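The sequence and model come next.

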Amino acid sequence: MRFTLALKNILKSKGRSLTTLLLSMFTTILFISYVALMDGSHHQIIKSSVEIYTGYAHVNLKGYRDESSYENLIEDAHSIDIILGDDASIKEYAPRFETYALLAGDEKSVGSMIVGIVPSAEKTLSKLPNSLIKGEYLNDNDTNAIYIGSELAERLKVDIGSQVAMVGSSIDYSIAADLFIVKGIFKTGLFDFDAQSAFVNKPYLDTVMMSENKATYFTLNFHDNDRIDQATAMLQNKLPSEYEAVNWKTLLTALVQAMLVDSLFGYISISIFFIVIFFVIMIFSYVNIYTRAREIGLLRALGLTSKDIFGMLFVEVLLLATLSMVVGTIIGASIAYHYELHPIVISGIAETYKEYGVVSDEIPMNFDLFTIAWNALTIFMLNLAAIIYPVAKINKLTAMEAMRYV
Amino acid sequence: MYRHLAWLSLWRRKTRSLMVIMMIALSLSGLLGLQGLYDGMITHLINTTIRSDSGEISLYTKEYRLHKSLDYRLSPLSKFEKELSRIQELSSYSVRLQQEGLIATAHKSLGATIKGISLENEQNFGQLDAFITEGEYSFGKGNKGALIGSALAKKLHLTIGSRVIFTAQDVNAEINAISFRISGILKTGNPALDEHSVFVSMEKISAFLNLKESATQIALRIKDTERISEVQKELQILFPHTDVLRWDELYPLLIQMQEWMNIFNLASYAIVFIVAALGIFGVMLVSVLERMREFSIMLAIGTPYKTVRDQILLEASLLGVAGFIAGAFLGWILLFYMSTAGVDMRSFEAGLELYGYSAVMYANMHLYYFFQAFLAVFFATLLSIIWPLRILKKMKPIQVIQGKML
């Protein structure tokens with residue numbers, strides 16, 4: 001009976017019901033799309049940073065992240081290589097030797113990050129080979145060939161075939177100097193990275209830096225990077241106690257925090273919208289209930305308890321909220337799914353926000369069922385919460401008071 | 001009379017009116033708080049950039065910003081200083097000479113920029129001394145000390161008294177090195193300075209780079225910020241072969257962020273108050289519908305339609321004004337708190353610093369926020385009564401009195 005009564009009441013005040021329905025639906029769509037866009041852009045920034053160079057996880061000597069100096073190198077890279085090779089959860093891995101040195105062209109010098117890499121391994125571990133824009137990528141037999149960032153090449157005024165001098169210090173702190181020929185130029189879109197980084201075949205750089213069988217860290221990808229916390233913890237158990245396995249959440253703490261703050265402000269902004277929606281639904285429910293005060297009074301006089309009245313009004317809002325949630329979620333989820341596959345393109349945004357780690361003009365949405373579910377449920381609960389006060393207020397009236405209500 | 005009627009009608013249904021007032025007040029105070037906070041964040045970025053680097057206007061040689069080479073330097077300095085001393089609109093200026101290179105400790109090296117400055121000039125220019133977080137604002141005896149950006153100091157594990165060696169090419173493309181002791185650590189909030197810069201005395205760097213009477217940048221502070229464009233034109237005439245650039249031309253991202261923020265604020269106001277208008281509409285519609293007989297009698301006894309219309313308008317306006325006053329008051333309290341005590345976000349410090357934001361954020365408070373908010377409430381109120389007035393206009397008073405039409 002409750003259901004029939006509720007349905008009749010909904011249909012009786014079509015205008016108000018439709019407005020409430022549309023408002024809730026619109027809010028559900030807006031919330032799902034807003035969060036999908038916010039999460040999508042954050043995921044893209046983090047994914048770019050992880051996949052372009054950093055990698056999903058590192059193995060390094062404990063203390064290296066606090067003081068990334070030669071004092072904290074992996075002294076026996078071969079032993080770590082064996083451990084990582086035996087771990088079935090690891091998809092691919094490679095050692096890197098990172099150092100800083102002065103790179104000098106004919107006219108200009110710049111302090112840069114020089115990294116010794118295993119060129120063939122980086123093909124799957126990072127986006128370095130794919131970011132080639134000029135010349136050639138390194139190979140495992142290269143000697144004094146250097147692969148440098150596009151911004152760095154511009155700063156040094158060098159091009160393919162140009163000679164670049166490197167002056168740095170080897171791991172025994174003696175001066176390490178060599179001449180390199182620019183073999184390739186890359187552009188990842190990460191502005192700072194392209195402006196400061198250069199890569200050399202590791203076995204050759206090791207001869208210059210006296211770092212044979214040494215590495216600053218190993219970078220690696222797991223088969224299942226979605227369960228990276230568990231995978232990192234399991235790897236940690238296999239490593240000797242002086243080494244640590246850390247994943248991108250720790251490696252990119254500042255970036256993760258920045259995205260968290262951005263999300264926080266995003267939620268605060270949209271919560272103001274929720275306040276208004278909450279009040280509008282409450283006002284509509286209040287008006288709707290009070291225009292039926294006499295009818296409610298009559299029902300009470302006929303023997304219905306305040307619990308029954310609450311049940312009847314609750315079913316009304318439940319029907320409207322459920323319908324708006326279902327339709328809103330389907331539309332919102334479809335939008336999120338569509339724009340995850342076909343991201344929104346804002347021309348020039350990558351150039352404008354390059355210093356903020358934006359590498360592409362494409363802004364994808366993030367289609368995540370769990371997120372969509374809690375977004376939709378939030379609006380659903382908001383709808384239900386909005387009728388508590390109006391229903392409680394009308395239930396305070398006695399049958400006679402309600403029937404006399406003008 | 002209609003004023004009195006409007007007032008009485010409004011309080012006939014207290015709960016309904018209070019709901020509308022609360023809806024406007026809460027959403028308005030939230031919007032005011034967010035607007036002030038976002039505005040404060042961007043203003044902080046702009047201020048620290050102007051104070052620590054660009055001034056309101058900066059002078060460079062035409063090619064310097066593209067090549068960052070000492071070949072493109074401002075020289076002789078005396079010529080520039082002579083002309084600048086004649087310009088009344090300038091409050092101060094700072095002459096800087098910078099070169100990129102490699103900074104090294106005994107254990108680690110990083111790419112960095114060395115900047116030659118005059119401590120006294122920088123103090124007058126942007127109170128650089130106020131950014132000191134450790135040590136003192138001094139280059140020590142014989143100018144052998146250096147000030148260093150906080151993030152760079154952290155990466156190199158430098159403390160006061162630590163020795164660093166800076167290696168760079170001089171004007172003749174010879175690679176030279178110079179040693180300094182850290183006398184102070186600066187935290188400006190400008191990531192380019194905090195992460196990459198070392199400040200040394202102008203005399204010391206000039207000797208190191210084999211230069212005399214030279215600078216790479218002259219940054220200017222203007223007394224009246226309303227006259228920046230005029231001063232820019234005047235300077236361009238004085239120095240036709242020099243780039244004379246305003247801060248917003250040097251940092252277009254900041255102005256773009258400010259524009260995005262303004263668009264975001266306007267969009268938020270529009271969305272929130274269109275929905276709020278629906279809430280007011282709900283109340284006004286019911287309020288009109290339940291008094292149709294009352295209005296019909298008024299019209300039948302000769303009350304002009306204009307009087308009835310004004311009564312409805314006044315009722316809605318009173319609701320809007322009451323909501324605005326309550327919202328503006330709450331918003332003012334919120335803004336006052338956030339502009340004096342600040343919002344402590346130190347738990348997200350690393351993320352915020354990554355983009356140059358302060359960990360304790362201070363809101364701005366401007367009169368125009370409240371004016372903008374008033375306009376939004378005003379339009380929402382007007383929008384909400386269009387439909388109820390239309391119903392009233394179409395109503396046939398005699399039929400309504402006879403109960404034939406409602």
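This is a predicted model: local features need pLDDT of at least 70, side-chain atom pairs count only at pLDDT 80 or more; totals for chains, interfaces and linings use all residues.

Residues are numbered from 1 along each chain as its sequence is written, and chains are lettered from A and ligands numbered from 1 in the order in which they are written.

## Contact between chains A and B

In the pairing of the two chains, 48 residues of chain A are in contact with 48 residues of chain B (contact: C-beta atoms, placed from the backbone, within 7 Å). On chain A, at least two residues each come from helix H2 (14-54), strands S2 (90-104), S3 (109-117) and S6 (163-169), and helix H10 (253-291). Helices (H or I, at least four residues) and strands (E, at least two) are DSSP runs, numbered from the N terminus.

H10(A) gives the most to this side, with 22 residues. By class, the side of chain A that touches chain B has 27 nonpolar, 14 polar and seven charged residues. Here Ala, Val, Leu, Ile, Met, Phe, Trp, Tyr, Cys and Pro count as nonpolar, Asp, Glu, Lys and Arg as charged, and the others, Gly among them, as polar.

## Helix pair H12 and H14 of chain A

Helix H12 (residues 306-341) and helix H14 (residues 369-386) of chain A pack at an angle of about 155°, with axes 10 Å apart. H12(A) is therefore roughly antiparallel to H14(A) (angles over 145 degrees). Axes are lines fitted to C-alpha atoms, for helices over the stretch in contact, and angles run from 0 to 180 degrees between N-to-C directions.

Residues of H12(A) in this contact include Gly328(A), Gly332(A) and Ala336(A), and those of H14(A) include Ile372(A) and Phe380(A). The contact of H12(A) with H14(A) has 10 nonpolar, four polar and no charged residues.

## Loop residue Asn144(A)

Asn144(A) lies in the loop between strand S4 (132-135) and strand S5 (145-149) of chain A. Asn144(A) counts as partly exposed because 17 C-beta neighbours lie inside 10 Å (buried is 20 or more, exposed 12 or fewer, partly exposed in between). Beyond its neighbours within four places in sequence, Asn144(A) is in contact with Asp178(A), Leu179(A), Phe180(A), Ile181(A) and Tyr204(A).

Conventions. Angles under 35 degrees count as roughly parallel, over 145 as roughly antiparallel, 65 to 115 as roughly perpendicular and the rest as oblique.
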